[in-house]
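Visitor: I would like to learn how to read helices and sheets in a model. Please take me through one.

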Amino acid sequence: MHKSFIKTHCVHFVLGDCVYPHRIGGMEVFNYYLIRELSNNHDVELYYSSSHALPFKHAYYYKMFSLRPTKVFTPLQVFFFHLLHHSVKNVVFSYSAAHWLVWRQYAWIIKLFHLNAIVVIHYGWHPDGSENPKHIRKFFKIANNVVAVSEDIKRNYDDVYDINCQVIPPLVPFGHSHLSQVEARKKYNIPQDAFVIAMVGSLKPMKNPQTLLESIAGLTEDERRKIKPHVVYAGDGVLCTELKNYSTEHGLTEFVTFLGNVPKEQVCEVMAMIDCYVIASDFEGTSVSVLEAMYNCKPIIYANSPGLRDMLEDGVTGKAFTCKDSEVLKNVLLDFFYQPEKTQQIAKAAYELYIQRYNYSQVVTAYHNMLV
């Protein structure tokens, strides 16, 4: 891809404490594939605090020391990096809920070294509630490009920080599994006759993974016998033990499989085995897992929450339920099971939307065009 581009410019990524595949999350996955693509045509300098390196030919790694307070020493280390590497003029920041002092110091570094700064906002539907928003505003103002990964994030950040974000969805390349549904279920020990429902991603509070288990617990014995529901969690996180305990206490262990973190390249196998996909988050930017479900033509049930309702249309490309309402989710699951033709129409419409709106090569080109 982009073979005619001449490799002349370095790109500096400031990464956090973990990177994909050692942490599974939308931002980490997106950064991984963006770095991979840019390293095809640029030298990429990765400055990170993780002990894990990425397997890219033209990527160079600089270990960040874990010094506290991080709000002082992390920007200081970035300062010394640019002091020693004058040729690196492109820097990409993944915006997070760091202390305002971090972003104020980054603004000084950008100005001092005349950097071409690209800021990508993945974080939160509510901008950082810092007591010093003016300093964060200065960081955004001095950046050359500010990218929001969803329309909802753009609206919120534009309003609070008086900026004009460019919207670029966090797309990654997807593929179809070479395994059939029967083969995929056999590989992961999933019952062949089950109605399989999956969640992919971190098992953490804002994702509300417990809502899906609660909806299965709400099914009557007769409904369970007819539907034969089976929940697959492809991910790990702080709620994993709690979910396992809940499934044991409510007699659901035979209806649940915990796969742990699944490598991105194998998520297509999860998609191959399922009958529908559920996402119950309080908020999403542009959800990578939803995009992958769309790409694989899987019917999607989603919480009617910020970000998700920008991606999907209720009754057309997905089916919405009230966030954290397991009773409503249960009824939608029943509708999907008992109305297979309508369910497949929704899945097909979601796939067509993916083809029309989400083009991976356009995203890569957009980032290439931002580099000086």
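**The open sheet**

Guide: An open sheet here has six strands in the order 10-9-8-11-12-13, with parallel pairing. Strands (E, at least two residues) and helices (H or I, at least four residues) are DSSP runs, numbered from the N terminus. Two strands pair if DSSP finds at least two bridges between them. This is a predicted model: local features need pLDDT of at least 70, side-chain atom pairs count only at pLDDT 80 or more, and totals for chains, interfaces and linings use all residues. Residues are numbered from 1 along each chain as its sequence is written, and side-chain values use heavy atoms, with hydrogens and water left out.

Visitor: Which strands stand at the edges?

Guide: Strand 10 (256–258) and strand 13 (319–321) do. Each has a single partner strand, so one side of each has no neighbour in the sheet. Neighbouring strands are turned by 25 degrees against each other on average, direction ignored.

Visitor: What holds strands of a sheet together as pairs?

Guide: Strands pair through backbone hydrogen bonds, either parallel or antiparallel. Take strand 9 (residues 229–234) and strand 10: they pair in the parallel sense over three bridges. Valine 232 has threonine 257, in strand 10, as its bridge partner.

Visitor: Which helix lies across strand 9 and strand 10?

Guide: Helix 9 (residues 240–249) does, at about 155 degrees to strand 10. Axes are lines fitted to C-alpha atoms, for helices over the stretch in contact, and angles run from 0 to 180 degrees between N-to-C directions. Contact means heavy atoms within 4.5 Å. Helix 11 (residues 288–295) lies across strand 8 (195–200), strand 11 (276–279) and strand 12 (300–303), at about 165 degrees to strand 11.

Visitor: How do I read two packed helices?

Guide: Start with the angle. Under 35 degrees counts as roughly parallel, over 145 as roughly antiparallel, 65 to 115 as roughly perpendicular and the rest as oblique. The axes of helix 2 (residues 70–84) and helix 3 (residues 100–113) come within 9 Å and cross at roughly 15 degrees. These two helices are therefore roughly parallel.

Visitor: At what angle do helix 7 and helix 13 pack?

Guide: Helix 7 (residues 210–217) and helix 13 (residues 326–338) pack at about 70 degrees, with axes 8 Å apart. That makes helix 7 roughly perpendicular to helix 13. Among the residues in contact are Leu212 and Ile216 of helix 7 and Leu329 and Leu333 of helix 13.
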